[in-house]
Amino acid sequence: MAIQTTQLVRKFDYNGIELPDHDPSKTAIQVRDFWAQTYGELTSAAVEGPTIKNGVAHFKFLKAVRDKGSA
C-alpha cells in the first residue's frame, strides 16, 4: 500500500474577506505580515487555524480587541 501525499491549499480570511496566499512557502504569520501592509490592523492580529476541510486549510486573522483608555 503506497502513501499518497497532496499539497493543502491555504485560504486566509480577514473580516469576511478572503485574502490570497501570495506565497505557499511562507508561514501563516508571514502571510499575515504581508497583508498587514494593506490592512494595517493585521499587525497585531492573532492567527487562528488551520481548520482543514476538503483538502483546504482555512486560517482566520482575528483583529485584537482592546478597550481604549483602560488601565
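Is Phe 61 buried or exposed? With a relative accessibility of 3%, Phe 61 is buried, where buried means under 20% relative accessible area, exposed means over 50%, and partly exposed is in between, using a 1.4 Å probe and protein chains only.

Hi everyone, a quick word on the model. It is predicted, so local features need pLDDT of at least 70 and side-chain atom pairs count only at pLDDT 80 or more, while totals for chains, interfaces and linings use all residues. Residues are numbered from 1 along each chain as its sequence is written, and side-chain values use heavy atoms, with hydrogens and water left out.

Now, the rings. Searching the whole structure turns up five aromatic pairs. Rings of Phe, Tyr and Trp (its six-membered ring) pair if their centres lie within 6.5 Å; planes under 30 degrees apart are stacked, over 60 edge-to-face, and the rest tilted.

One of the pairs is Phe 12 with Phe 61: the centres are 5.4 Å apart and the planes sit at 15°, so this pair is stacked. Phe 12 belongs to strand β1 (residues 9-14) and Phe 61 to strand β4 (residues 56-62), so the pair ties together parts 49 residues apart in sequence. Strands here are DSSP runs of E, at least two residues, and helices are runs of H or I, at least four, numbered from the N terminus. Phe 12 is buried too, at 1%.

Next come Tyr 14 and Tyr 39, with centres 5.7 Å apart and planes at 55°, so they are tilted. Tyr 14 is in strand β1, and Tyr 39 is in the loop between α1 (28-35) and β3 (46-53). Tyr 14 is buried at 4%, whereas Tyr 39 is partly exposed at 23%.

Finally, Tyr 14, Phe 34, Trp 35 and Tyr 39 are linked into a cluster by ring pairs.
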